[in-house]
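This briefing covers helix packing and the nonpolar core. Please look over the sequence and the model first.

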Amino acid sequence: MEYQRKKKLTNFTIGLLFLSGGIEYAVILPTIWAYLQTLHAEPYFLGLGISAFSLTGLLAGPLFGHWSDRSQRTKAIILFANVFEIMGNFMYFMGISKWLLLGSRLVAGVGTGAGASIFGYLTRSTTSQERAKVFAAVMACRQVGLLIGPACNLFLRLCNFRLGPFEVNKFTSPGLFMCLLWILLQFVVAVMYYDLQPVPHLPLAAQQEEEREPLVQHGAGQDEPAEHRGYGGTGQRTPPEGDESRYVPNGHLAEEEGRVKEKSPFQNFSAMREYLREEVVVLLTAQFITLFNQTALETMVTPITQRYLSFGELENSIMYFLCGIEVICGFFLVRCLSSRLPDRVVLVLGLVICNVACVWCLLFLARPQGSFPILLSELVVGVFLQVLGLPFVAVSQVSLFSKVTAERTQGFSQGLRRSVGGVATILGPLWAGGLTENLYIMLGVMMGLLSLLMVMVGLSYSYLVEPPRGYVPGPSQEERRS
């Protein structure tokens, strides 16, 4: 009972951390462009400011993840990372120059690296069957933050006073607000977060019984669909046809794991072979392309609404508020579907929706024409479709990635995944920020990337399942011949 109480408090604290991350994003993004304009910044500083936050996050993620893999602890990592969030947001509040504002986003971005450690902990503490639901709940917490953030802007925009030498107005108040919020979270983490060691998902007797089962099931069981044989149960599936050499028998499992455990991913390049497997590369590509397109569209939307619809901070905040409601509903929908559909099916559904959204934007938003109601309708449909596809892709690819990579190095693996996403969130705003006047080029490249991803997922569809417990990745036939 004590363990369950601590686990609930820990999970609640994790939800608060992701909630605060969503609030920060939604509080900063609608006002940062106008804030930069008051500091006489060039237009490209918008892309730099958004990308800077991701740059340090992608560098810190694998480091924090590797730290948690080695120590099997996350509390100290979270407390350390939050210090950077506090410092970065206070620098944002100061707002002395455009360069200080850029530096503030660099410092605050380090704090996001703790997410890799948290996802590693969640992977180790959940079964493969329930993992998609847990990830959907955690991501939904961040989206709730995206929903609350614009509501916070409704009263932050009314601030107009001085605090010592600093002016508190609608542009600087988000930094002060987030600084105080992260300080409060430091106390919450210190009191309510526990470094719990995950308990085994199967009793010892069940594990021993599983190890005595044959590696390859014969007879009727061999004809079962792959998705029913490899998802954390005692049933085994054979390796994908024509690729048996990618796995080694269970008899060599201890020897293989021992060699991998001897050195960290930073010390042994052969351990990195795990991240070059086909299914892993496809999922990392999905992470990159979807986040690249998402951040590019987010960067594009604000100038478009300002130019064609005359939207200000209030209208943009309302737009993000409504998008937050839609995304939360999407995550709950994915949470329900994940218990009925395999992760790879959910991934394909999300990619189809994203492709439709990109085609719509290419047809109607590349060169907006018409009256205000027509322009508003075209924008609403495009944003609605884009936001709808995100939960499907986000949850399914994170869940699949945690299943096709080793559990013992989940912190580093999740850090690598988030770093790939960080690169996308850097390049996306930079790409969109420089092409706001050439939307056909910008949207055309995004459409090409999505088409490439659909082809990759289609060709690798049979590998996008959890590897059986009786196998670990082994050398391919080409490597053995050499």
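The expected span of a helix is 1.5 Å times one less than its number of residues. In this predicted model, helix α14 (residues 410-433) has 24 residues and reaches 34 Å from its first C-alpha to its last, close to the 34 Å expected.

**Burial and core**
- Of the 24 residues of α14, 17 are buried, so the helix is largely enclosed by the rest of the structure.
- The largest nonpolar core has 106 residues.
- Ile 14, Leu 347, Met 442, Leu 443 and Met 446 are the residues with the most contacts inside that core.
- Apart from neighbours within four places in sequence, Leu 443 is in contact with Leu 297, Met 300, Cys 358, Cys 361, Leu 362 and Ala 366.

**Helices α1 and α4**
- Helix α1 (residues 2-38) packs with helix α4 (residues 98-110) at an angle of about 160 degrees, and their axes are 12 Å apart.
- That angle makes α1 roughly antiparallel to α4.
- Glu 24, Ile 28, Tyr 35 and Leu 36 of α1 make the contact with Leu 101, Arg 105 and Ala 108 of α4.
- The crossing of α1 past α4 is left-handed.

**Helices α10 and α13**
- The axes of helix α10 (residues 278-308) and helix α13 (residues 372-404) cross at roughly 155 degrees and come within 10 Å.
- Angles over 145 degrees count as roughly antiparallel, and α10 and α13 are therefore roughly antiparallel to each other.
- Residues making the contact include Leu 283, Gln 287, Leu 297 and Tyr 308 of α10, and Leu 379, Gln 386, Leu 390 and Phe 401 of α13.
- α10 passes α13 in a left-handed crossing.

Notes: Residues are numbered from 1 along each chain as its sequence is written. This is a predicted model: local features need pLDDT of at least 70, side-chain atom pairs count only at pLDDT 80 or more; totals for chains, interfaces and linings use all residues. Side-chain values use heavy atoms; hydrogens and water are left out. Helices (H or I, at least four residues) and strands (E, at least two) are DSSP runs, numbered from the N terminus. Buried means under 20% relative accessible area, exposed over 50%, partly exposed in between (1.4 Å probe, protein chains only). A nonpolar core is a set of buried Ala, Val, Leu, Ile, Met, Phe, Trp, Tyr and Cys residues joined through side-chain atoms within 4.5 Å. Contact means heavy atoms within 4.5 Å. Axes are lines fitted to C-alpha atoms, for helices over the stretch in contact, and angles run from 0 to 180 degrees between N-to-C directions. Angles under 35 degrees count as roughly parallel, over 145 as roughly antiparallel, 65 to 115 as roughly perpendicular and the rest as oblique. A crossing is left-handed if the near helix is turned anticlockwise from the far one by less than a right angle, and right-handed if clockwise.
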